[in-house]
Amino acid sequence: MFKKHIGKSVLIGIALVLLLAACGKDDKKDGAVDKSKLKDTYTVATDSSFVPFEFKEDGKLTGFDIDLMNAIADEVGFKVKYETTNFDGVIPGLQTNSFDMAIAGIGITEERKKAIDYSEPYYESGLGIAVKESDDQIKGLKDLEGKKIATRLGSTSSKFIKDNIDNADAKEYEQLDQAYLAVENGSVDAVLYDWPNVAYYIETKGDSLKMVGDKYEAENYGIAFAKGQEDLVNAVDEALETLKDNGKYDEIYEEWFGKQDDEDDDK
């Protein structure tokens, strides 16, 4: 702590040092996003079957992720060219620079960070279980031991099954509808996948299915990038922060999931 009677000249000197330090910090922050280094258009990989995040309606891509990505692009000032691919092709496509970035409900994991870069998290998810409406044997994770469980190829839920459920047989499908259909026709015992997708499918299509158990393995989604695009990552992060501050993020969220206060238990 400074002494009460410190000299005036010293105080002025300290003030100048602090002012310069503050200016330096602001300059560095401003310089972190150099929009002159950004391209006019970026190729963004996405999926077309992960409702309600990205899917096709009347032949057009829509969903929470698509609306969010479009808002980010508008905020930063670039155009987006979407490329649809199976989920298991997203990260390899980024690694080979086939895509600049990707938004497809991509869970942030330390393993994936070795191959790609991420934005700051934009959505907190978790895993949910669905079984046939008539099934009264499977009530939670423990009951899945030794069972056939449908999930998505290349997903974190597939890894979760293999790592956490004894003797489970993870049946991986490229398309999510195939996973749910497998439960409905009895070829597998359950589906384990991202909670919001499971809940949305049951609400809109899966009258013969029900959710059981708790929400498991909370994880954050992030926008993924091919390595070596620091300016783009910083620009997207800055735009995402702006959208959260000005209420645009909440507006998009509410359109797809309802008010956040009402959905806290389902995020």
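Thr43 is part of strand S1, which covers residues 41–46. Please keep in mind that this is a predicted model.

Let's stay with Thr43 for a moment. Is Thr43 buried or exposed? Its relative accessibility is 18%, and buried means under 20%, so Thr43 counts as buried. Setting aside residues up to four places away in sequence, Thr43 touches Lys81 and Glu83, along with Ser98, Phe99, Asp100 and Met101.

Now to a helix. Ala73 sits in helix H2, which runs over residues 64–76. With a relative accessibility of 3%, Ala73 also falls under the 20% cut-off and therefore counts as buried. Beyond its neighbours within four places in sequence, Ala73 is in contact with Phe78 and Val80.

| Residue | Element | Relative accessibility |
|---|---|---|
| Thr43 | strand S1 (residues 41–46) | 18% |
| Ala73 | helix H2 (residues 64–76) | 3% |

Finally, the sheet. Three strands form an open sheet in the order S2-S3-S4, and their pairing is antiparallel. Which strands lie at the edges? They are S2 (49–50) and S4 (60–62), each of which pairs on one side only. Strand S3, made of residues 54–57, joins S4 in the antiparallel sense through 3 bridges. Glu57 has Lys60, in S4, as its bridge partner. In general, strands of a sheet pair through backbone hydrogen bonds, in either a parallel or an antiparallel way.

Conventions: Residues are numbered from 1 along each chain as its sequence is written. This is a predicted model: local features need pLDDT of at least 70, side-chain atom pairs count only at pLDDT 80 or more; totals for chains, interfaces and linings use all residues. Side-chain values use heavy atoms; hydrogens and water are left out. Two strands pair if DSSP finds at least two bridges between them. Helices (H or I, at least four residues) and strands (E, at least two) are DSSP runs, numbered from the N terminus. Buried means under 20% relative accessible area, exposed over 50%, partly exposed in between (1.4 Å probe, protein chains only). Contact means heavy atoms within 4.5 Å.
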